[in-house]
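Please look through the sequence and the 3D structure shown here before reading on. The report is written for a reader who is meeting such a structure in a first course.

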Amino acid sequence: MAALYHDHRSSSVANGVFYLQTPTCAKSCPEDGALLLKESWSHDEVMLHPKEGELMVFPGHYPHCPLGVETDDYRIAINIESSP
């Protein structure tokens, strides 16, 4: 699966995601629902594995890419932006 990175540079100072539900497929599909994050377009990516009830907040200019879910489990997330 190709990573489709984007940022919120033009729309927010801070970006966040609150995870209401995350996939539970840890062994056969560990990347399901993960979040790829970079400090800038030239930095290496970091893979984060959000858990239910977690809030991830990062600067709006950070490139990021939510990975898809290929199981029958759902990822339910609320995206949050702080305007300039």
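## The model and its strand pairing

The structure is a predicted model, and the description begins with strand S1, which covers residues 14–21. Strand S1 pairs with strand S4 in the antiparallel sense, over five bridges, and within this pairing Gly16 stands opposite Val57 in S4. Strand S1 also pairs with strand S6, again in the antiparallel sense, and here the pairing runs over seven bridges.

Is Val17 buried or exposed? Val17 has a relative accessible area of 7% and is therefore buried, since buried means under 20%. In a regular strand the side chains alternate between the two faces of the sheet.

## A nonpolar patch on the surface

Which residues form a nonpolar patch on the surface? The patch is made of Leu20, Leu55, Val57, Tyr74, Ile76, Ile78 and Ile80, and together these residues have about 670 Å² of accessible area. Strand S4, with residues 55–59, and strand S6, with residues 76–82, each supply at least two residues of the patch. Strand S6 gives the most, with three residues.

Tyr74, a member of this patch, lies in the loop between strand S5 (64–66) and strand S6. With a relative accessible area of 59%, Tyr74 is exposed, because the word is used for values over 50%.

Strand S6 also holds Glu81 and Ala77. Glu81 counts as partly exposed at 39% relative accessibility, and Ala77 is likewise described as partly exposed, with a relative accessible area of 33%.

## The aromatic pair and a charge over a ring

The structure holds one aromatic pair. The rings of Tyr5 and Trp41 have their centres 6.4 Å apart and their planes at 70°, so the pair is edge-to-face, given that planes over 60 degrees apart are placed in that class. Tyr5 lies in the segment before strand S1, whereas Trp41 lies in the loop between strand S2 (35–37) and strand S3 (46–48), so the pair ties together parts that are 36 residues apart in sequence.

The two partners can also be described by their accessibility. Tyr5 has a relative accessible area of 19% and is buried, while Trp41, with 45%, is partly exposed. The value for Tyr5 is 19%, and the cut-off for buried is under 20%.

Which residue lies over the face of Tyr5? Lys38 lies there, at 4.7 Å from the ring centre, and Tyr5 is also a partner of Trp41 in the edge-to-face pair.

## The salt bridge

Side chains of opposite charge can pair when their charged atoms come close. How many salt bridges does the structure hold? The structure holds one, and in this salt bridge the side chains of Arg9 and Asp7 meet at 3.7 Å, taken from N to O. Asp7 is partly exposed, with a relative accessible area of 23%.

## Distances along the chain and in space

Val17 and Pro84 are 67 residues apart in sequence and 18 Å apart in space, C-alpha to C-alpha. The C-alpha atoms of Gly60 and Val17, which are 43 residues apart along the chain, are separated by 12 Å. Gly60 lies in the loop between strands S4 and S5, and with a relative accessible area of 0% Gly60 is buried.

Glu81 and Glu39 are 42 residues apart in sequence and 17 Å apart in space, C-alpha to C-alpha. For Ala77 and Val46, which are 31 residues apart along the chain, the separation of the C-alpha atoms is 19 Å.

Key: Residues are numbered from 1 along each chain as its sequence is written. This is a predicted model: local features need pLDDT of at least 70, side-chain atom pairs count only at pLDDT 80 or more; totals for chains, interfaces and linings use all residues. Side-chain values use heavy atoms; hydrogens and water are left out. Patches are made of residues with over 30% relative accessible area and no salt bridge: like charges are joined within 9 Å, nonpolar side chains (Val, Leu, Ile, Met, Phe, Trp, Tyr) within 5 Å. Accessible areas come from the Shrake-Rupley method with a 1.4 Å probe; for residues, only the protein chains shown count as cover. A salt bridge is a side-chain nitrogen of Lys or Arg within 4 Å of a carboxyl oxygen of Asp or Glu. Helices (H or I, at least four residues) and strands (E, at least two) are DSSP runs, numbered from the N terminus. Buried means under 20% relative accessible area, exposed over 50%, partly exposed in between (1.4 Å probe, protein chains only). Rings of Phe, Tyr and Trp (its six-membered ring) pair if their centres lie within 6.5 Å; planes under 30 degrees apart count as stacked, over 60 as edge-to-face and the rest as tilted. A charge sits over a ring if NZ of Lys or CZ of Arg is within 6 Å of the ring centre and within 35 degrees of the ring normal. Two strands pair if DSSP finds at least two bridges between them.
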